[in-house]
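Biologist: Before I rely on terms such as core, buried and strand pairing, could you take me through what each of them rests on here?

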Amino acid sequence: MAKGTVPTRDELLAFIRESATPVGKREIARAWGLKGDQRIALKEMLRDLRDSGDIAADRAKTFRDPGALADVAVLEIVRVDDDGHLIALPLRHDEAKDGPPPHIEVAQVATRGGPAPAVGDRVLANLKRRGKTSYEARVIRRLGSGPRKILGLYEEPDGRNGLGLVTPTDRKLRSSFDVRPADKNGAQPGDIVWVEATGGSLARRARVLERIGAMSDPRTVSLIAIAANDIPVDFPAAAVAEAERARAAPLGHRLDLRGTPLVTIDGEDARDFDDAVFAEVDPDHPGGWRLVVAIADVAWYVRPDKPLDHAAYRRGTSVYFPDRVVPMLPEALSNHWCSLVPGEDRPVLAVEMWIDAEGQLKRHRFHRAMMRSAARLTYNRVQRAMDGSPDPEIAPLMEQAIRPLYGAFRVLLEARQKRGALDLDLPERQVTLAPNGRIAEIGVRVRLDSHRLIEEFMVLANVAAAQALEQRRTPCLYRVHDQPDAAKLEALREFLGTLGLALAPGPRLRPADIERVLKAVEDKPIARLVNETVLRSQSQAVYSPDNLGHFGLALARYAHFTSPIRRYPDLVVHRALIAAFGLGEGGLPEADKGRFAEFGEHLSMCERRAVAAERAAMDRYVAAYMATHVGATFPGRVTSVTRFGLFASLDATGADGLIPIRSLGQEFFRHDEGRQVLVGERTGETYGLGDRLQLKLADADVATGGLLFEIVDVIERVDRSALPTGGRGFRQKQGKPRRPVAYRGERQDKRSRRRN
């Protein structure tokens with residue numbers, strides 16, 4: 001900004017649009033040091049910008065970005081994020097007209113009398129802009145509460161004279177709601193419905209707003225998770241139309257990779273193929289390899305600030321359920337133009353990488369390219385081929401494509417082990433659906449070398465993307481995974497101590513320190529328990545413009561690059577690379593370079609939302625499957641010990657449930673926190689972390705996904721004889737049993753390639 005010089009049109013426009021609050025002519029003149037005739041020129045320029053619609057003006061003669069919210073607005077507080085911040089939306093926001101909803105965080109300030117704002121409240125607030133669609137709100141006054149919406153199961157129990165009953169599907173909401181016949185809105189017993197609480201905190205009355213589906217329909221299980229987590233399902237018409245106008249990309253200046261035998265390797269049920277791989281020996285460096293990872297060029301089709309872009313940004317990620325996928329992009333792109341189907345020309349963003357004999361990345365090069373997949377392969381088929389049984393399609397590709405991939409993979413795997421990356425061995429639940437949509441079987445998916453091969457290739461490509469953007473001094477949206485915080489680290493040490501395991505001392509750990517513990521138990525009965533607890537102790541991976549490294553992978557820099565069909569952060573990285581290396585159209589706009597903090601915050605939220613929905617749906621599917629086995633017995637293991645009971649996971653299905661303390665008998669039980677056990681004072685009977693038990697399924701609640709177990713027998717106890725004791729007692733009260741808090745256990749994310 002040159003003082004004493006009239007700004008250019010673009011400079012003035014950027015100044016107004018980037019201002020946190022509306023600015024007046026006097027403030028602008030002061031910022032540039034304008035006087036006399038220069039102020040007249042400024043006035044004319046402001047009038048032109050206003051008349052063209054590039055800026056908006058209000059009665060106070062101040063100017064702002066026309067897409068920005070007013071500096072005072074009525075908001076509705078809609079949720080609390082994982083950090084405890086209140087998140088709000090404008091009371092009247094038309095997404096079709098106004099675009100994706102802004103991110104508004106309510107500042108935590110002391111209130112002068114009256115209740116503090118809470119979810120469901122409407123407030124008048126001052127807004128301060130923090131990014132293009134990100135704001136901080138300071139509450140001026142509370143305007144009252146809006147209608148409270150609750151998702152629940154509608155029933156009509158006998159003896160209530162037609163009065164309906166809605167039980168919330170959210171386990172944290174303990175009370176049910178009465179629904180009068182006039183307020184049922186067509187709901188039938190067994191329906192999942194949205195209701196609006198109408199009777200205040202004491203009356204517990206509600207009216208039905210919307211029917212989601214019948215609980216007897218297995219498809220409703222996913223719909224509950226979608227509705228409860230506010231997952232966007234329908235694309236705006238303009239976004240669908242934009243996707244359907246897509247056509248084949250021209251070769252143009254793209255690198256021609258159509259003669260390179262790139263192949264896709266995915267699961268049996270995959271419908272979109274967005275990454276392809278190739279490897280060959282590097283003839284110039286003994287033991288080294290040249291790798292190519294080609295990723296669908298989504299940036300060619302999804303251009304910044306268009307309806308399709310807005311819809312994808314709002315979703316942030318695809319969401320996967322046993323019976324359906326809620327995609328980030330319409331199927332015209334995700335299953336067609338951006339899917340690397342065999343034998344068809346497809347545009348890609350490709351990275352060539354050269355590694356040495358130690359698996360170290362020596363150099364890399366990014367290209368806009370055109371490829372033609374040599375084959376659509378699956379993990380199982382590739383693994384069988386390497387085990388000596390190639391099928392007719394794979395056999396001709398063995399020497400040119402498959403064996404070189406495994407050669408490079410072995411080098412990368414050794415490098416991973418040397419740097420001490422965490423390798424959590426957690427079984428992944430595999431769900432098989434019957435033709436009627438119900439779960440036919442729940443098993444454990446076998447993790448093959450073919451899975452790990454693709455993971456290692458993708459990790460290397462993600463590292464190369466982060467390095468490339470750093471080298472060009474271009475903003476990067478990193479995938480960061482910080483060290484475990486002090487409290488989690490101390491809790492992990494205490495837990496391992498209950499099992500006679502020691503973790504290296506000190507406030508900071510290396511991944512290799514934890515990996516040594518995992519190796520020590522890998523062949524022992526407690527291996528799964530230790531792996532799950534280590535996973536729970538980790539910090540949450542997020543997206544950020546600030547590079548904190550990736551603790552779990554033991555990497556100094558890491559950015560998601562490999563799945564732009566289903567992750568918006570990858571699309572941001574693609575655009576940044578295209579702009580940084582001058583690779584043509586669809587690169588990162590200049591205006592978006594200052595939005596990376598906003599991107600990270602919003603996209604991390606979208607990922608958390610998707611994970612919560614996927615887990616909730618899986619819990620309900622498992623509960624529906626287990627409901628047909630109430631009364632049956634299963635072996636399982638204690639995964640957590642609390643003062644009100646034990647949590648356990650079944651061996652075969654991974655189903656998680658609660659063993660209420662009331663089911664252990666009527667004596668006094670002491671919760672020994674040091675040893676993670678419940679001890680019966682009269683009998684000395686102990687139940688503790690890691691114990692293997694024979695369990696009877698006592699109840700399965702499909703609507704909430706909760707399971708209740710009872711102990712039939714003890715199969716094997718963990719030896720804690722050498723450990724210190726301590727803790728406090730808890731006596732089960734007589735009389736009406738308390739409603740247990742149902743448990744949702746942690747599990748390994750079933751799509752590690754999406755989440756790392």
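**Cores, a helix and a sheet**

Modeller: In this predicted model, the largest nonpolar core has 99 residues, and those with the most contacts inside it are Leu291, Ile402, Phe457 and Phe561. Helix α13, residues 449-471, gives the most to this core, with 13 residues. Apart from it lies another core, of 61 residues, which includes Ala527, Ala655, Leu693 and Leu697.

Biologist: Which residues is Phe457 in contact with, once its neighbours within four places in sequence are left aside?

Modeller: Contact requires heavy atoms within 4.5 Å, and on that criterion Phe457 is in contact with Val277, Phe278, Ala279, Leu291, Val293, Met353, Leu405, Ala408, Phe409 and Leu412.

Biologist: Why is α18 called largely enclosed by the rest of the structure?

Modeller: A residue counts as buried under 20% relative accessible area, and 25 of the 32 residues of α18 are buried, so this helix is largely enclosed by the rest of the structure.

Biologist: What is the reach of helix α18 from its first C-alpha to its last, and what is expected?

Modeller: Helix α18, residues 596-627, reaches 46 Å, close to the 46 Å expected at 1.5 Å a residue.

Biologist: What makes β1 and β2 the edge strands of their sheet?

Modeller: The open sheet of 3 strands has the order β1-β3-β2, with antiparallel pairing, and β1 (23-24) and β2 (56-57) each pair on one side only.

Biologist: How do you know that β2 and β3 pair?

Modeller: Pairing needs at least two bridges, and β2 and β3 (residues 62-64) have 2 bridges in the antiparallel sense, so they pair. The bridge partner of Ala56 in β3 is Arg64.

Terms used: Residues numbered from 1 in each chain as written. Predicted model: local features only at pLDDT ≥ 70, side-chain atom pairs only at ≥ 80, totals over all residues. Heavy atoms only, no water. Core = buried A, V, L, I, M, F, W, Y, C linked by side-chain atoms within 4.5 Å. Buried < 20%, exposed > 50% of the residue type's maximum accessible area, 1.4 Å probe, protein only. Helix = DSSP H or I, 4+ residues; strand = E, 2+ residues; numbered from the N terminus. Expected span 1.5 Å × (residues − 1).
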